[in-house]
Amino acid sequence: MRVGILKWGSGIAAAFVLTLLTLGVVFAHAKLINATPAPNSVAGSAPTQVQLWFDEPLDLAFSSVQVFDAKQTRVDQGTLQPVSGDAMSVIAPLKTLDDGAYTVMWKVLSAADGHISRGVFAFGVGDVAGALAAPLDANAASATNELTPVSGALRWLALISMLTLVGAFIFRVLLLERSLTAIQADEKIRVLARRHWRQFVFIAFALCLLGNFGDLLVQVKLVAEQLELNTIGDVLLNSRYGTLWLWRVGLLVVCAALVGVEARGKTIPYADAALIVLGNAALFTRSLNSHAASSGNLSLSVFADWLHLFGAAVWIGGLFCLAWLLARLWRPLESKTRSAWLAWSVPQFSRIAIPMTALIFVTGAYGSALQIPALDFWNTRALPTWEQLSGDAYITMLARKIVLFAALLAFGALNLFWLSPRFRKYVNEPEKSGRLFSRFQMTMAAEVLLGTGVIFLAGMLTLTVPPRSAPAQTTPALAQTTAPERPVALVGYPTAQARVVLEIGPEPNAPTVFDALVTDAAGNALPDVQRVIFNFMYLNQDTGAQNVNAEPRAENHFVAEGQLLPLEGMWKIKVTVRQKGADDASVEFPYYIAPRFPETADAPVMTAQLQLVKAQETMNALTSARMKQQLNDGGGNVALSSYQYQAPDRTRFEIQGQGESIAVGGQQFYQDKDGNWFARARIEPFVFPNYKFADTALRTRQGRADKIGAEPMQIILFDTSTTSGDARIQYAYWLDSNARVAQVGMVASNHYMLEQYSDFDNPAIKIEAPANVQVMPTAAPVAPTGNSPLTAAVQGSGRPRGFITGDLEGDGALVMVVVGVVILLVGTGGKRPARARWVILGTGAAAILLGVGLFIDAVNGMNAAAQNVPVNVARASSGQQIYAEYCQTCHGEKGYGDGPGAAALPTQPFDLTTHVLLHDEQYLHALILNGRGYMPAFGDRLSQDQILDVIAYSRLLARNAQQAGANATPARPGFTPQP
């Protein structure tokens, strides 16, 4: 019998090792390292294929390469060809190509760890001057979002249950059986202890199967984009992930079978050793699907990752098992025996945990150095800087894990150096030992809680791209034409009589010529100009400020030349005009130099984020304020607007040269060109204040100090995403000493905006409805109200952010589950009446069920938040035809500013899916009515109601784009106009 079992076990081990060897050398997170045709190149003759090279083998069954022409027609043949002898390359055959620009969109599945990588680049054929790239769908080229609440919860469940299971196997050999022998437990206690151990193992096994099956479904949805039986079968049978998953689940099933046979009273030779070996083999399959696999299946990094998991299993998995058994064996043990058992078990467990802690630390440090280049001291020979270790999601999550790990160490030290000696001291004093055990229960509950958090963050790390594996290619999301870039032209008014047109070029992202055309407001020569002075201030950090006297040129031009914007980031350019007999007059413009290598990390600098949150709270507590806005499109067109705000629901708005409008709650009043006032109902009521810049900020960081007038200011910098997520909007906020926003600078595509705030909480600001108002003959219907499904879909509600899951409700749900587990542990121990015990157990179970329910609701709520845009669907339906007739040519079918008529314009039309969510409807109404820049006025072609219908349809387009975009930040009903 023993020989048969050994042969059976040897066969499993041999087959397992053979399978690992046949999987080959792998790496993690595929990166595009080369392509033919090369990105952004122009070929003289049409290629017959596109070939891509990556830095790791590909799983072609779940990869794709698509090539589009300028009309968004696919020109590839729809198949992929492997390259003989090169698993890291793939060929996409092409149809016959004409001259023009082409866009390559690729998605590949890593044959290493099952991660998806995506990318887009462009190439040209022949004469591509003036050609456009293929207008891709909003989220077609966005990165795959692997880290979601559902995927995170399932990955956490699979990992924590497996570590617990393996830890239980080792715990029985190293502690349970030895402790029972040490206290000379009778056979009844031994049988009871083994039965509770098996219960623990079966619960862990069931959770492990549940977590692994859930993880499989997440992987199938990720790579196949649909959940069907055939796609699940494809992933299991035709991918490396599926092969390792089958081995992992198979090994766990064998472990469960061994424990099940033992539970029936059968004795299996070497069962404990078999469980430990098979359990660790299952752990090893996880290491083969980790970031450590970048060096090969049997590399040092993979074994280090397995040792890291092994140490966690022994320590944290054993801790869970010890907590379970203590709660169940405390009462059956005689008082003196239980004291002796604790006096032996606690220090013994601590002695095992100490080397496991060292193992976890060493292997964790090694793995971190592999995945975070800044920590690779051996190669860099330098200590990392704060900038290298901040702003990356992987590093931020790793830091949180280290903090929890340190707290876990602290409680372990408390048990070893304070509780263990007292347990030994009170062996013969059961009453004192019982009181000490109550304290030990609390420290152990804290350890269980912290261990759960550590493993949760470890699971999140497996879903997060580490810095070493971050995409290296910097090719654009859309193909660029060969036409030269136009200089940026910004317009400002230092005084009511003076006008400055600042041209920045010839290459906007590396400008060397700054040409200021200084005239009067009508465009005529400005008299008695003595000097024009440029001031260049870098906002990211204090590098001083450079003043340059511009050189006078012909026809009212004043020019400064040179590398005057040498650093990447946000700048403020001030142009000062000095006239004889008059005070100096200045106008300021924000400007942004984009980095050569895009910054992808979104983690904020917490001190800056806290300042921004405080400023948001302060602004939202205002009762009144004034704001002036200067908005340039970069093509020589500017809009000067002024706002007055009065809480809770009033605003007065004026665009220079276009009249005024007033909003009072759900009513809108506006002036025509003759000064007559008209009233209509708004699409949605105006609500002020409702600033949310801190909620939507990404990469928040502290800039330099500055002054506005004599008052000191602190600049806070941050980004926000556009709807499609493939571009960023850059912000600089000037905060005064009272945490109020005094000035805002913003730079985006065709947007250069400066806002100035004043008169905070000024009681003189009184906004009233105008007298002698004429009512529109057909009033616009207000937004739907009530609790109908349609209203819920388009209105939604804001969701506060959380620390662990990214959602406050999700965090609360996890805390509730952990609290429930702690209550159950407390309830099962100690001497309590039966009724009190059932009350405690019921409370713990209710807390767990409530936590699970809250987590499900949080997931659903976060999904629903993507629909959280104010839209009047009835009006949008009417506005669709009007939009198609008047707007679609320039703004595109889906509102991305990519319509066929956009090519003929000096600047690209606005991306409506982003901008209509950031402006109040009175602003949009005035824009459509009177025109702006290259956009004509539609007041003579569209009625008031038709304009409102178009606004509603534009917001519907934005809502649809928000639902599609992984990086979108939803707007909410009732908001203050913000760029």
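Student: At what angle do helix α3 and helix α5 pack, and how far apart are their axes?

Tutor: Helix α3 (residues 187-224) and helix α5 (residues 240-263) pack at an angle of about 165°, and their axes are 11 Å apart. Before we go on, please keep in mind that this is a predicted model, in which local features need pLDDT of at least 70 and side-chain atom pairs count only at pLDDT 80 or more, while totals for chains, interfaces and linings use all residues. Residues are numbered from 1 along each chain as its sequence is written, and side-chain values use heavy atoms, with hydrogens and water left out.

Student: What counts as a helix or an axis here?

Tutor: Helices (H or I, at least four residues) and strands (E, at least two) are DSSP runs, numbered from the N terminus. Axes are lines fitted to C-alpha atoms, for helices over the stretch in contact, and angles run from 0 to 180 degrees between N-to-C directions.

Student: So how is α3 oriented relative to α5, parallel or antiparallel?

Tutor: The angle of about 165° makes α3 roughly antiparallel to α5. The cut-offs are under 35 degrees for roughly parallel, over 145 for roughly antiparallel, 65 to 115 for roughly perpendicular, and oblique for the rest. The crossing of α3 and α5 is left-handed, a word used if the near helix is turned anticlockwise from the far one by less than a right angle, with right-handed used if clockwise.

Student: Which residues meet there?

Tutor: On the α3 side they include W197, R198, F202, F205 and L209, and on the α5 side they include Y241, W245, L252, V259 and E262, where contact means heavy atoms within 4.5 Å. The residues of this contact of α3 with α5 divide into 16 nonpolar, 3 polar and 4 charged. Ala, Val, Leu, Ile, Met, Phe, Trp, Tyr, Cys and Pro count as nonpolar, Asp, Glu, Lys and Arg as charged, and the others, Gly among them, as polar.

Student: Is R198 buried or exposed?

Tutor: R198, which lies in helix α3, counts as buried because its relative accessibility is 15%. Buried means under 20% relative accessible area, exposed over 50%, and partly exposed in between (1.4 Å probe, protein chains only). Leaving aside its neighbours within four places in sequence, R198 is in contact with V259, E262 and A263.

Student: What about α3 and α7, at what angle do they pack?

Tutor: α3 and helix α7 (residues 300-329) pack at an angle of about 135°, with their axes 10 Å apart, and they are therefore oblique to each other. The crossing of α3 and α7 is right-handed. Among the residues that make the contact are L192, H196 and F200 of α3 and F320, W324 and L329 of α7.

Student: Changing topic, how many strands are in the open sheet?

Tutor: The open sheet has 12 strands in the order β24-β25-β26-β27-β28-β18-β19-β20-β21-β22-β23-β29, with mixed pairing; two strands pair if DSSP finds at least two bridges between them. Its edge strands are β24 (698-708) and β29 (773-775), each of which pairs on one side only. The twist averages 20° from one strand to the next.

Student: How do β18 and β19 pair?

Tutor: Strand β18 (residues 624-632) and strand β19 (residues 638-646) pair in the antiparallel sense over 9 bridges, and Q629 stands opposite S641 in β19.

Student: And which strands form a hairpin with 3 residues between them?

Tutor: That is β14 and β15, and E555 in the turn has a positive phi of about 55°. The two strands run antiparallel and are joined by 3 bridges, with E551 opposite V559 in β15.

Student: Where else is phi positive in a residue other than glycine?

Tutor: Phi of D528 is near 60°, and D528 lies in the loop between β11 and β12 (529-538). Phi of D759 is near 55°, and D759, in the loop between β28 and β29, counts as partly exposed because its relative accessibility is 32%.

Student: Last one, which residues does a cis peptide bond join?

Tutor: A cis peptide bond joins G505 and P506, with omega about -5°, and P506 lies in the loop between β10 (498-505) and β11. The peptide bond from T36 to P37 is also cis, with omega near 0°.
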